[in-house]
Amino acid sequence: MKRNLNVKKMALIGMLGALGGILMLFRTPLPFMPPFMDFDLAALPEIIGGFALGPVAAVFIIIVKLLVKVAIVGTSTMFTGELSNFILSCAYVLPAIWIYDRQKSKKSAIIGMSIGTVVCAIVAIFTNVYIIIPFFAKMLNYNMDVIIGMCQSVAPFVKDMFTLALFGIVPFNLIKNGIASFITYIVYKKLSVPLKRFAETK
């Protein structure tokens, strides 16, 4: 019985992870945001699956998502982008799930996703400053002034690394995860019942 439950849960993790990987392919830039940041809805399966199945399942959904993405289109960042995505995805979903699991209610879900969104935005400063931006600078043989200039061409308010973080990295992640949180709030209750029923079916 326990084995059957585990197999069903693993299958559900695989399906949600695959959906996340596919959603990563539908990326679009946001106006006035740095050019290396693209918007997608891959966080939806992660947060919905995490709420329904728990934090460990959420981490595996993120891993499957990235494996699917790499299998389909490969990596253009020598896996630094995937590493950053993994860190940021965990920073968003794990605080939200932890708070929601303590008291499962709409209020705790809102609080959890709000805190997860803020935590992710803060962590994104460090992943971009120390992982993503240095990688692109090295790959393209650019210095930081050139990188800032590229960002300034689409986001005039970016003047230096501080303003890039304050007016680019932070707002982008707040918008991205804010939208994912809003959609999750709308659809989760409708999806949670069939998800849990499938995972718990003997």
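Reader: What makes H3 and H4 count as being in contact?

Author: In this predicted model, residues of H3, namely Pro-55, Ala-58, Val-59, Ile-62, Ile-63, Lys-65, Leu-66, Lys-69 and Val-70, meet Glu-82, Asn-85, Phe-86, Ser-89, Cys-90, Val-93, Leu-94, Ile-97 and Asp-101 of H4. Contact means heavy atoms within 4.5 Å.

Reader: Which classes of residue make up the contact of H3 with H4?

Author: The contact divides into 12 nonpolar, two polar and four charged residues. Lys and Glu count as charged, and Val and Ile as nonpolar.

Reader: Why are H3 and H4 called roughly antiparallel?

Author: Helix H3 (residues 55-73) and helix H4 (residues 80-102) pack at an angle of about 155°, and their axes lie 9 Å apart. Angles over 145 degrees count as roughly antiparallel. H3 and H4 are therefore described as roughly antiparallel to each other.

Reader: Is the crossing of H3 and H4 left-handed or right-handed?

Author: The crossing of H3 and H4 is right-handed.

Reader: What makes a space in the protein a cavity, and how many cavities of 30 Å³ or more does the structure hold?

Author: In a cavity, a 1.4 Å probe fits but cannot get out. The structure holds one cavity of 30 Å³ or more, and the largest cavity contains about 100 Å³ of space.

Reader: Which residues line the largest cavity?

Author: Its lining consists of Phe-51, Tyr-100, Ser-105, Lys-106, Ala-109, Met-113, Thr-184, Tyr-185, Tyr-188 and Lys-189. Helix H5 (106-140) and helix H7 (161-200) each supply at least two residues of this lining. The largest share, four residues, comes from H7.

Reader: How do you know which residues of the lining of the largest cavity are nonpolar?

Author: Tyr, Phe, Ala and Met are among the types that count as nonpolar. The lining of the largest cavity divides into six nonpolar, two polar and two charged residues. Lys-106 and Lys-189 belong to this lining, and Lys counts as charged.

Reader: What is the volume of the largest pocket, and what makes a space a pocket?

Author: A pocket is an open set of points with protein on both sides within 12 Å along at least five of seven lines. The largest pocket has a volume of about 720 Å³. Its lining comprises 34 residues, of which Met-24, Arg-27, Phe-36, Gly-81 and Asn-85 lie nearest the centre.

Reader: Which elements contribute to the lining of the largest pocket, and of what classes are its residues?

Author: Helix H2 (43-53), H3, H4, H5 and H7 each give two or more residues. H4 gives the most, with seven residues. By class, the lining has 15 nonpolar, 11 polar and eight charged residues.

Technical notes
Residues numbered from 1 in each chain as written. Predicted model: local features only at pLDDT ≥ 70, side-chain atom pairs only at ≥ 80, totals over all residues. Heavy atoms only, no water. 1 Å grid on protein atoms, 1.4 Å probe; cavity = no way out; pocket = protein on both sides within 12 Å on 5 of 7 lines; lining within 4 Å. Points joined across faces, edges and corners; volume = space filled by probe spheres on them. Axes fitted to C-alpha atoms, helices over the stretch in contact; angles between N-to-C directions. Parallel < 35°, antiparallel > 145°, perpendicular 65-115°, else oblique. Left-handed = near helix turned anticlockwise from the far one by under 90°.
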